Each structure stands twice: as structure tokens, then as C-alpha cells.
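User: I am new to this structure and would like to know what stands behind the terms used for it. Please answer each question by setting the value against the definition.

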Amino acid sequence: MKKILITGALGQIGSELTTRLREIYGVDNVIATDIKKSDNVNFESGPFEILDVTDGKRMVEIAKKYNVDTIMHLAALLSATAEAKPLFAWNLNMGGLMNALETAREVNAQFFTPSSIGAFGPTTPKDQTPQDTIMRPTTMYGVNKVAGELLADYYHQRFGVDTRGVRFPGLISYVALPGGGTTDYAVEIYYEAIKNGRYTSYIDKGTYMDMMYMPDALNAIIDLMEADSSKLIHRNAFNVTAMSFAPEDIAASIMRYIPNFKMAYNPDPVRQKIADSWPNSIDATAAKQEWGFKFEYDLDKMTQDMIEKLSQKLQIRKMA
Ligand code: AKB
């Protein structure tokens with residue numbers, strides 16, 4: 001990775017990945033792109049281009065302009081929004097991915113795009129879901145993710161593009177908010193705990209999903225992209241996870257630092273149904289064996305860091 005183009009660079013993953021890659025590979029070697037500017041630091045701290053990922057011609061132009069050798073395609077709609085706007089989701093998620101893969105083929109770039117636990121469905125084994133298993137998702141997002149994994153494998157086999165990906169669980173971070181996901185409750189809960197001391201969860205008690213803290217997710221992307229290609233059997237896409245918890249577990253973890261925190265439940269039928277169709281926990285053995293995947297943060301370590309960093313960000317001191 002010497003010159004990296006990122007799509008969706010102002011989103012939840014992109015915001016932190018861009019900063020991290022600029023630290024490692026040099027500010028001018030990471031070209032951030034997104035559909036519009038915001039107050040995000042990424043369009044001021046280095047090269048930034050406006051890019052709508054459904055515009056394949058412009059994507060190729062930008063890739064050629066900067067002579068990129070790596071494309072990290074992050075721009076996509078998440079599960080709950082995709083369920084509300086399925087046709088728009090298909091056009092954006094699949095159209096954007098096809099353009100990004102075609103751009104990678106044309107400029108001979110290495111390629112990363114995230115898949116998700118959303119690629120699994122209700123007939124998938126629920127606990128310690130294996131790397132290779134039944135994948136019949138019942139959401140538009142899941143359909144996009146399975147098709148995306150297959151497409152990325154296709155571009156590798158057919159055109160020799162060095163495609164790589166992971167199936168991310170819910171990602172938790174204090175820098176940029178996610179938007180429109182099913183696992184977003186696990187981020188919102190920290191904001192509400194610090195600001196108001198209470199949270200009403202739209203996901204019901206007893207609903208387990210895999211999660212990961214953003215620093216571990218960034219390491220996973222970089223380690224996979226730097227991994228020896230000859231050792232990769234799966235490529236698109238590896239199960240990765242750091243923890244599996246239900247809403248009551250994260251509430252209990254928060255109460256260790258904010259003892260008066262109060263949790264209530266008011267399940268949202270759409271997001272609850274999506275969550276119920278996903279695994280309780282996934283098995284990351286293939287990622288560990290093929291490229292040495294590891295993580296540092298478990299639930300309590302993440303909670304401690306989230307509360308500390310978010311309190312600083314929100315300038316509120318509520319640590320016990
Ligand atoms: C979502 O909830 O849609 C995402 C995901 C798990 O892919 N966070």
C-alpha cells in the first residue's frame with residue numbers, strides 16, 4: 001500500500017481509517033473521498049475529492065490522477081436504512097462496489113471492502129458461526145453483502161485483482177457516529193449514558209450480536225491488507241470479532257463506571273427482526289490462522305476507553 005484511495009472517508013470507519021493510514025503511509029498518500037464535505041478533519045488534513053461512488057467515470061479519473069495502488073471502498077448504506085430503502089440500497093451498495101472493483105481492475109490496485117455479520121441469515125448456525133456456512137440473509141443489506149463477497153472473489157479469480165475483505169461485526173467508536181445500522185445502539189448507549197445517565201434500547205434484552213472496538217477494526221484492515229497473499233485462502237470475506245454481548249451486558253459494563261446508569265427497553269420491530277436473523281457469535285479462526293487476526297479490547301476495556309474519550313469529547317465528567 002503506497003497510494004490509497006478511500007471512498008466513504010467521512011463515515012464511521014473512514015473517519016478513523018483515513019487518519020490512521022495518513023499516520024502510517026504519509027498524509028499525501030491517502031486520498032480521502034466522500035459524497036460531500038462536512039466538518040470532518042479528513043478533508044482538511046490531506047488530499048480530499050468529492051466522489052459519488054455511483055459515478056464510475058469520476059472514480060477512475062481520481063484513481064488515475066493520484067496514481068493509486070490501493071482502493072478501500074467503504075461507502076455503503078447500513079442494514080436498517082437499506083431495509084427502509086431497498087432499491088436505493090441496491091443501486092448504491094452494488095453500483096458503488098462494481099465501480100470500485102472496475103476501477104481497481106483498470107488501475108491494477110489492491111482492493112478492500114468490508115462485508116458484515118449481516119451476510120448471515122436465520123438459517124445460519126447461530127453460535128460460533130463458522131467461516132464457511134449457510135448464507136441466506138433475509139435483508140437487502142445482507143443480500144448486498146453476500147453478492148459483494150462473491151463479486152470480490154470473482155474479480156480476483158477472473159481478473160487477478162488482489163481483493164480482500166472482512167465480515168465486520170457492530171463497530172463501536174467515539175470519533176464518528178454510525179448511521180442507519182442495527183448495531184448502532186451499542187454506540188448510542190455510551191453517548192446517552194454520559195449525557196443523561198439513561199438509555200432506552202431499541203434492541204431487546206437477550207439479543208446477542210458480535211461487536212468490535214474501532215482500534216481493533218482498523219488494525220484488522222491494515223493487517224489483512226499487508227498480509228502475505230499466498231497465505232490467504234478465503235479473501236472475501238473473513239469472520240472477525242472481539243466480543244459478543246446483549247444490551248444488558250453492555251449496560252452492566254457501563255454501570256461499573258457510571259453506577260447510576262439506567263437502562264430501559266423499547267424494541268424497534270424492524271431492527272429487532274434484523275438482529276434476530278444475525279448470529280449470536282461468529283468464529284474468527286480462519287482470520288487468525290491465515291493472517292494472524294487479533295484484538296485487544298474486550299467489553300470492559302472498551303467501555304473504560306469509550307467513557308474516558310467520549311467524556312473528554314463531550315466535555316462532561318461523569319466517571320465514578
Ligand atoms: C449494521 O448494523 O448494519 C452494521 C453491520 C453489523 O454491518 N453495523
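User: Which residue of β4 does Thr7 stand opposite?

Analyst: Thr7 stands opposite His73 in β4. This is a predicted model, where local features need pLDDT of at least 70 and side-chain atom pairs count only at pLDDT 80 or more, while totals for chains, interfaces and linings use all residues. Residues are numbered from 1 along each chain as its sequence is written, and side-chain values use heavy atoms, with hydrogens and water left out.

User: Why are both faces of β4 called covered?

Analyst: Buried means under 20% relative accessible area, with exposed over 50% and partly exposed in between (1.4 Å probe, protein chains only). In strand β4 (residues 70-73), Thr70 and Met72 on one side are buried, as are Ile71 and His73 on the other.

User: How do you know that Thr163 is buried?

Analyst: The relative accessible area of Thr163 is 0%, which is under 20%, so the residue counts as buried. Thr163 belongs to strand β7 (residues 163-164). Leaving aside neighbours within four places in sequence, Thr163 is in contact (heavy atoms within 4.5 Å) with Leu101, Phe111, Ala152, Asp153, Tyr155, His156, Arg235 and Asn236.

User: Why is β11 said to be largely enclosed by the rest of the structure?

Analyst: In strand β11 (residues 209-213), 5 of the 5 residues are buried, so the strand is largely enclosed. Met209, Met211 and Tyr213 lie on one side, and Asp210 and Met212 on the other.

User: Which strands does β11 pair with, and in what sense?

Analyst: Strand β9 (residues 170-172) runs parallel to β11, with 3 bridges, and Ile172 has Tyr213 as its bridge partner. Strand β13 (residues 243-245) runs antiparallel to β11, also with 3 bridges; here Met209 stands opposite Phe245.

User: What makes β6 and β12 edge strands?

Analyst: β6 (115-116) and β12 (238-239) each pair on one side only. They belong to an open sheet of 3 strands in the order β6-β8-β12, with parallel pairing. β6 and strand β8 (residues 166-168) are joined by 2 bridges, and Ser115 has Arg167 as its partner in β8.

User: How do you know that the second largest pocket lies between two domains?

Analyst: Domain 1 (4-169 + 213-239) and domain 2 (170-211 + 242-282 + 297-314) both give residues to the lining, so the pocket lies between them. The domain bounds come from an automatic or database domain assignment.

User: What residues line the second largest pocket?

Analyst: The volume of this pocket is about 220 Å³. Of its 16 lining residues, the closest to the centre are Glu16, Thr19, Tyr174, Val175 and Leu218. A pocket is an open set of points on a 1 Å grid over the protein atoms alone, where a 1.4 Å probe fits, with protein on both sides within 12 Å along at least five of seven lines; lining residues have an atom within 4 Å of a point. The largest share of the lining, 5 residues, comes from α1.

Methods:
Grid points are joined across faces, edges and corners, and a volume is the space filled by probe spheres set on the points. Helices (H or I, at least four residues) and strands (E, at least two) are DSSP runs, numbered from the N terminus. Two strands pair if DSSP finds at least two bridges between them.
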